[in-house]
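Reader: I'm new to this one, and I'd like to learn how to read it feature by feature. Could you walk me through?

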Amino acid sequence: MRIALTGASGLVGRWLHRAAVQAGHQVTTPPGWRLGDVPDLTGCEALVHAAFQHVAGRYRGGEGEDPQGFIRANLDGSVMLFRAARDQGLGRVIFLSSRAVHDGHPEGMALPDTLSPAPTNLYGKVKAEAEAALAAMAAPDFLTASLRPTGVYGPGLPQKWAGLIGDFLRGTTPPPRVATELHGADLARAALLVLADPQMAGSYNASDLVLDRQDLLAEVARLTGCPTPLPVRADAGALRRPLCDRLRALGWRPGGMAFLRREMPKILDNIQP
């Protein structure tokens with residue numbers, strides 16, 4: 001399959017690009033394209049849209065001082081891209097959304113794939129509205145889907161935990177926190193499974209670990225000998241946990257804590273103490 005991929009150099013896009021090429025797909029990144037442009041997608045069969053314009057290092061709050069520019073690029077620009085894919089005859093589109101569309105649901109709630117969005121910030125709202133716009137375009141010859149990943153980690157740059165781990169190695173114990181996490185390679189495998197599904201449609205959660213900072217930094221300490229005290233364990237009771245039943249039905253099995261431990265030496269290679 002020839003796949004057009006946006007955001008190929010980003011935190012998520014680089015994993016999608018690598019996995020698609022390794023799986024034998026032809027991957028093209030629209031030359032010179034930016035959010036708000038209408039690209040030439042001639043010859044492509046599918047689009048995976050992972051590009052997102054935001055303040056560096058921030059997603060929630062990523063609009064900075066320019067909320068209208070944030071909406072114009074990420075919502076209006078995405079809708080223009082979806083229409084271009086449809087009008088140019090592509091058969092499939094996957095949109096990289098976010099678990100942030102569910103921030104307004106009650107604390108401690110399990111989040112099924114089919115749960116309606118309840119965003120509480122502009123980031124989640126833009127993602128939810130882009131999801132809805134794409135779903136409204138779906139047709140028998142134009143299949144659409146949105147992936148809702150949780151926090152994405154993995155080696156390479158940009159590096160999600162660079163600041164946290166770097167500060168820990170320099171002697172700072174961070175405040176307690178627990179979150180849901182997903183390796184970028186597992187997210188990429190999920191995207192390819194959805195893309196190959198003849199019934200692809202709607203939304204799919206993508207999440208793996210419930211990871212406490214204590215466990216993450218204990219692994220850092222084990223590998224480096226760092227003597228910095230670990231944070232206390234956080235209360236996971238309020239965590240909203242995505243259920244990933246639709247991906248699991250396609251055979252998706254993320255790597256869990258064993259995968260994180262295998263990847264930690266490579267993650268540490270990207271971090272300056």
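Author: Let's start with a cover: α6 and α8 are among what covers the buried residues of α4. Contact here means heavy atoms within 4.5 Å, and helices (H or I, at least four residues) and strands (E, at least two) are DSSP runs, numbered from the N terminus. Before going on, note that this is a predicted model, where local features need pLDDT of at least 70 and side-chain atom pairs count only at pLDDT 80 or more, while totals for chains, interfaces and linings use all residues. Residues are numbered from 1 along each chain as its sequence is written, and side-chain values use heavy atoms, with hydrogens and water left out.

Reader: Which residues of helix α4 are buried?

Author: Buried means under 20% relative accessible area, exposed means over 50%, and partly exposed is in between (1.4 Å probe, protein chains only). In α4, which spans residues 162-169, the buried ones are Leu164, Ile165, Gly166 and Phe168.

Reader: How do I read the angle at which α6 and α8 cross?

Author: Axes are lines fitted to C-alpha atoms, for helices over the stretch in contact, and angles run from 0 to 180 degrees between N-to-C directions. Angles under 35 degrees count as roughly parallel, over 145 as roughly antiparallel, 65 to 115 as roughly perpendicular, and the rest as oblique. Here, the axes of α6 (residues 213-224) and α8 (residues 256-269) come within 10 Å and cross at roughly 55°. So α6 is oblique to α8.

Reader: Which residues of α6 and α8 meet?

Author: From α6 there are Asp215, Leu216, Glu219, Val220, Leu223 and Thr224, and they meet Met257, Arg261, Met264, Pro265 and Leu268 in α8. Sorted by class, the contact of α6 with α8 has seven nonpolar, one polar and three charged residues. For those classes, Ala, Val, Leu, Ile, Met, Phe, Trp, Tyr, Cys and Pro count as nonpolar, Asp, Glu, Lys and Arg as charged, and the others, Gly among them, as polar.

Reader: What does threonine 224 touch?

Author: Not counting residues up to four places away in sequence, threonine 224 touches Leu169 and Leu268. Threonine 224 sits in helix α6 and is partly exposed, at a relative accessible area of 39%. Sequence and space are separate things to read: threonine 224 and arginine 241 are 17 residues apart in sequence and 31 Å apart in space, C-alpha to C-alpha.

Reader: Where is asparagine 205, and what is it in contact with?

Author: Asparagine 205 lies in strand β9, residues 202-206. With a relative accessible area of 1%, asparagine 205 is buried. Setting aside neighbours within four places in sequence, its contacts are His102, Leu111, Pro112, Asp113, Arg148, Pro242, Leu243, Cys244 and Leu247. Take leucine 111: it is 94 residues from asparagine 205 along the chain, yet their C-alpha atoms are separated by 8.3 Å.

Reader: At what angle do α2 and α3 cross?

Author: The axes of α2 (residues 67-87) and α3 (residues 122-136) come within 10 Å and cross at roughly 20°. The two helices, α2 and α3, are therefore roughly parallel to each other. Their crossing is right-handed. In α2, Pro67, Phe70, Ile71, Asn74, Leu75, Val79 and Phe82 meet Leu122, Tyr123, Val126, Glu129, Ala130, Ala133 and Leu134 in α3. That contact of α2 with α3 divides into twelve nonpolar residues, one polar and one charged.

Reader: How many disulfides does the structure hold?

Author: A disulfide is a covalent bond between the sulfur atoms of two cysteines. In practice, look for a pair of cysteine sulfur atoms within 2.5 Å. The structure holds zero disulfides. As for cysteines, cysteine 44 counts as buried at 9% relative accessibility, and cysteine 244 is buried with a relative accessible area of 5%.

Key. Left-handed = near helix turned anticlockwise from the far one by under 90°.
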